[in-house]
Amino acid sequence: MLLEEITMADFKNAIKKTRTVIVPYGTVEEHGRHLPLSTDTMVIVEVVKRVAKKIKVFVAPPVHYGVCTSTSQHPGTIGITPETLRRITIDIVRDAYKKGLRRFILISGHGGGLHISSIKEAGEQLIEELKDVQIAVLSIYDLVYKDITDIADTENDSHAGEMETSLILHLAETLVKGRSKEEYPKLPKPFLTKNKMRYWPGGVWGNPAVASREKGKKRFEIMVSRTVGLVRDIEGFK
Ligand SMILES: [Zn+2]
């Protein structure tokens, strides 16, 4: 059940059958020269919409903006601060709790460290505050990491590389504008730098050239089935 489509009456009925909601998180973030800025949001929203067709669960509209660190200087990235992400997460979960929801899957299409830890920090605060609540916080890539690395042709694939390009080819091929060159960030860890583009000019981590629609379809199906499993797990988790 997609919250954006159902009515008040539908909600009242459905809450008798499930108290689980999935909240997808995305970004507006550069994904190389070839993928749309909403790649992360698009992928996770399509996954959870498909999940809602397979298992009884509420699906909330996405939190479309996220915390972007290494891509913060690239053209097109529009990020929010960790504080904003924590606050909106707390507000959404608290209010959904008031309406009867008890199990929350906060799942992100963006795997950035600060981004995920902001949602986690909010989650930790919420489990202290709310009674009888279960909260899962993760990125979709944590969930499918093992399955995906086994079938990937790129050894170190990540942002806008083989997988994300394949996923967008599968979901919205017309939005893929050619292919960016293979690239890997060379950020000078452990030093932080304001000038991130100097170390990562193309904003790609991996090799988009080996992406295909078929690979995208396969990865998409894995993401859907793992997320369905997660809904079952959270319903059994005490
Ligand atoms: Zn991405």
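Tutor: Let's start where helix α6 meets helix α8: on the α6 side, the contact takes in E162, M163, S166, L167, L169, H170 and L171, and on the α8 side R213, K215, G216, K217, R219, F220 and M223. Contact here means heavy atoms within 4.5 Å. This is a predicted model, in which local features need pLDDT of at least 70 and side-chain atom pairs count only at pLDDT 80 or more, while totals for chains, interfaces and linings use all residues. Residues are numbered from 1 along each chain as its sequence is written, and side-chain values use heavy atoms, with hydrogens and water left out.

By class, this contact of α6 with α8 has 6 nonpolar, 3 polar and 5 charged residues. (Ala, Val, Leu, Ile, Met, Phe, Trp, Tyr, Cys and Pro count as nonpolar, Asp, Glu, Lys and Arg as charged, and the others, Gly among them, as polar.) Helix α6 covers residues 162–172 and α8 covers residues 213–236; helices are DSSP runs of H or I with at least four residues, and strands are runs of E with at least two, numbered from the N terminus.

How do the two lie relative to each other? Their axes come within 7 Å and cross at roughly 95°, the axes being lines fitted to C-alpha atoms, for helices over the stretch in contact, with angles from 0 to 180 degrees between N-to-C directions. The two helices are therefore roughly perpendicular. For orientation, angles under 35 degrees count as roughly parallel, over 145 as roughly antiparallel, 65 to 115 as roughly perpendicular and the rest as oblique.

Now follow α8 to another neighbour, helix α2 (residues 39–54). The axes of α2 and α8 come within 9 Å and cross at roughly 55°, so this pair is oblique. From α2, the residues V43, E46, V47, R50, V51 and K54 take part; they meet F220, E221, M223, V224, T227, V228 and V231 of α8. Sorted by class, the contact of α2 with α8 has 8 nonpolar, 1 polar and 4 charged residues.

To tie the picture together, look again at F220 and M223 in α8: they meet α6, and they also belong to the contact with α2.
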